[in-house]
Amino acid sequence: MQGLRIEGFQEERWQEIVKGVDVELDRGRVLGLIGESGAGKSTIGIASMGFCRPGCRITGGSITFDGLELTSSNDENLRQLRGVRISYVAQSAAASFNPAHRLIAQYVEAPVQHGVMDMSQAESQGKRLYKRLDLPDPENIGNRYPHQVSGGQLQRAMVAMAMACKPDLIVFDEPTTALDVTTQIEVLAAIKDAIRELNTAAIYISHDLAVVAQVSDRIMVLRYGEMVEIGDARAMIAAPREDYTRALLSVRKVREDKVHHAEEGDTLLEVRDVSASYGGPGGVPVLEDITLDLTRCNTIAVVGESGSGKSTLARAITGLLPPTKGSIVFEGKELPPSFKQRDKEMLRRLQMIYQMPDVALNPRQTVQQVLGRPLSFYFGMEGKAQRERVVELLEQIELNARYLDRFPSELSGGEKQRVCIARALAAKPDMIICDEVTSALDQLVADGILRLLQRLQNELKVSYLFITHDLATVKAISDEIVVMLNGRVVEHGPRDVILSPPYHEYTELLLASVPEMDPDWLDNLLHTRAGARLREGPISEQLT
Amino acid sequence: MDSLPVMVGKRLVFGVVTLIAISLMIAVGVELLPGDLAQAILGQSATPETVAAFRRELGLDLPWYTRYITWLGNFMTGDMGTSLANKREISELIGTRLGNTIFLAASAAIVAVPLAVFLGMMAALYRETLFDKMISMTTLSTISFPEFFVAYILIVLLSVQWSVFPSISNIAPDMPLGRKLYAVALPALTLILVVVAHMMRMTRAAIISLMMSPYIEMARLKGIKRSRIIIHHAFPNALSPVINVIVLNLAYLVVGVVVVEVVFVYPGLGQLLVDSVSKRDLPVVQASGLIFAGTYVLLNLTADVLSILANPRLRHPK
């Protein structure tokens, strides 16, 4: 790609989202594209297939694939290239598999439709690949529908699908971002195998430098549609040239100092033997006998993979999902199980911040309205007093009065999350439940949010119950850690105890699964884990 | 989410409740109409005594709720009663009429449904082209005209101008199928023109709304042909809304044909209903009203079941 320029139609006008980027990729090599959201990495990735998402257009530069100029090729030529010589692995396998068709039917579609092989050849090759990528029951798993397999399995099935026609280039677009750390390893291993054995070239897109470092030969750092730096993966990790790359490398190492420390015995919230299930008593049990205490001015991090019941715990505490058993005690007083029976004062003292600020804010309300509502609801504050308090809140979250009349669509992701924090603060709560509040944000932005939360705790002595799947976040903010697995607490204790040896077995698995910047981390880990497990021969043999 | 049989059972119970409520509303509604049957049959010159005697004979002197409850009890045991106007068995009266109405509806549906789905897919495939706009314009025009207007235009063109089809659709039970179809050609065509637009536009909209989904992008990046993407990837996922609109239109074909039946003097249920209302023939009105309502309830139930069957998540649970 030479001087590639792509424009997107945003806010009623065409804006350049890729500003003259050069990319060169040799056969059999892997290029990592890294950057925050809006850096244009995904757009560049699919542009290598001569494809532009609706609402985008290529305005300049050239894309040459194996001597063929893609920007001037007609649709039919491009169609014949896609799926055969260049294939694509999308971020969310759950959304990118057609829910109406079986996995194997979607696997064989590209080879059969492009006339590369017939149906039965493609099917048996698919089964071999499923086996190679360690999918369970490879003979029959293809007969399942996408919703019948887990996220990690689905992502591997998509990697298999991309390999079906033995392409020369595979574009991996954040293929592990939506996965748990333990699942991410399986998929990363599958991808690495696929690339190595097929000897295909690949573009690997991610916002996580540690992940990119595991698979790439070279890394390109992008920001605002422009290249920041490019270089050999190992060299860049060892000695980044640009400040921005250094910032990416050093994320989440910072921690705002904690000023107040919890006083022994000053318990704010107790969760006693709480069990909860969906579908009423006798329904699917999600939580079993959870017990934990939160001290005033403290932060408890609840860690676990998806499905471990950590968000359900938040719902049980807030009364959105009344527990089937056990009790929630707040300052020595037992709370009614359902939020409907709790009084306004109780509701005020316990606030919540959600994962997706986009969905948690009403798009038709201005910041003033969003923040004014709790003020009038809890304190009957109206008019000028309300406005002044809103400005004060905005200043607390490091924004200012200029934001008063903006709508959520006019805010960035991090600003939206800040407004959500301010909304919770407006109620002057004693405790805030933060449900994956940084998961949807870019790392640098997430860092800012974590620092803000710590500062607010220092100033306002508020307690946090911090729900997250991300151990880096846990390290940064928690005082105590609760590790959950399958609806139960497996380990509970002060941060420094949990995060230093000897580890609990499951905690160790989680810790070991967090990608490290070391490019050899994945290989070493797999080597240790696999031990003497025999590899079943190179992938290329199974493809013939 | 309930299992399928449980869900169908629940809907059936709701359906019966709805039908009882509707029959009650019909009874009250007819009671509120001015004039009465005895007066209508005996004419202006009848003496008050004769009218009163006749009313007693028909049971019209009883309060309406007594009549309603008796009627409901009989109806439950399968006795629809007799027509007040001509003493014929209602079941027999309605039977042939209902058959005729369903015949007309079916002839229209067999053409209209596939045509609408096909046009919808084509319009989605050639979106924003001249072809798409032509289809949209044509179907929107036909749906915008009142039915009787479409009907008369068709009569003027196809029966007066060119004499292709008869303008009066008289059919009898013993006619061969071909002649029957020939007789209903114009009313069926009218109905087709009226219902195609809805279904076609829904198919188009449902498919187009799916075209932004990631699995469609995936299919495009797999180099799949556009026509195959529409038919194989988008349409199966668009089925649920499309089925609902189709079924609503089928229901319309059965119960909404009153005007068309009147224009073409077609011996269907709609005509019977109109006649019976003007004659204050309560049992017939109630019976046909209930049949119409029952059709709606049943077809909507069918739509719900089909939507579930169209969803692989519900068809193949984990």
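Domain 1 of chain A covers residues 2-249 and domain 2 covers residues 267-513, with bounds that come from an automatic or database domain assignment. Residues are numbered from 1 along each chain as its sequence is written, and chains are lettered from A and ligands numbered from 1 in the order in which they are written. Because the model is predicted, local features need pLDDT of at least 70 and side-chain atom pairs count only at pLDDT 80 or more, while totals for chains, interfaces and linings use all residues, and side-chain values use heavy atoms, with hydrogens and water left out.

Between the two domains of chain A, 12 residues of domain 1 are in contact with 10 residues of domain 2, where contact means heavy atoms within 4.5 Å. These two domains of chain A bury about 1,000 Å² between them, 49% of it on carbon and sulfur atoms; buried area is the accessible area (1.4 Å probe) that two parts lose on being put together, summed over both. On the side of domain 1 of chain A, A:Asp180, A:Val181 and A:Thr182 supply 46% of the area buried against domain 2, more than any other three residues.

Helices and strands are DSSP runs (H or I, at least four residues, for helices; E, at least two, for strands), numbered from the N terminus. Two packed helices are described by the angle between their axes and the distance between the axes. The axes of α7(A) (residues 181-198) and α20(A) (residues 505-513) come within 8 Å and cross at roughly 50°; axes are lines fitted to C-alpha atoms, for helices over the stretch in contact, and angles run from 0 to 180 degrees between N-to-C directions. The helices α7(A) and α20(A) are therefore oblique to each other, given that angles under 35 degrees count as roughly parallel, over 145 as roughly antiparallel, 65 to 115 as roughly perpendicular and the rest as oblique.

Chain B has 14 helices and zero strands, and its C-alpha trace spans about 85 × 60 × 35 Å along its principal axes. The domain assignment of chain B gives domain 1 (4-76) and domain 2 (94-278), and the C-alpha centres of these domains of chain B lie 35 Å apart.

Helix α1 of chain B (residues 4-32) and helix α4 of chain B (residues 64-76) have axes that come within 11 Å and cross at roughly 140°, and α1(B) and α4(B) are therefore oblique to each other. Their contact residues divide into nine nonpolar, one polar and two charged.

Finally, the two chains meet in a contact that takes 29 residues from chain A and 22 residues from chain B. The area buried between chain A and chain B is about 2,500 Å², of which carbon and sulfur atoms give 58%. In chain A, A:Arg79, A:Glu109 and A:His147 lose the most area to chain B, together 25% of what that side buries.

Technical notes: Ala, Val, Leu, Ile, Met, Phe, Trp, Tyr, Cys and Pro count as nonpolar, Asp, Glu, Lys and Arg as charged, and the others, Gly among them, as polar.
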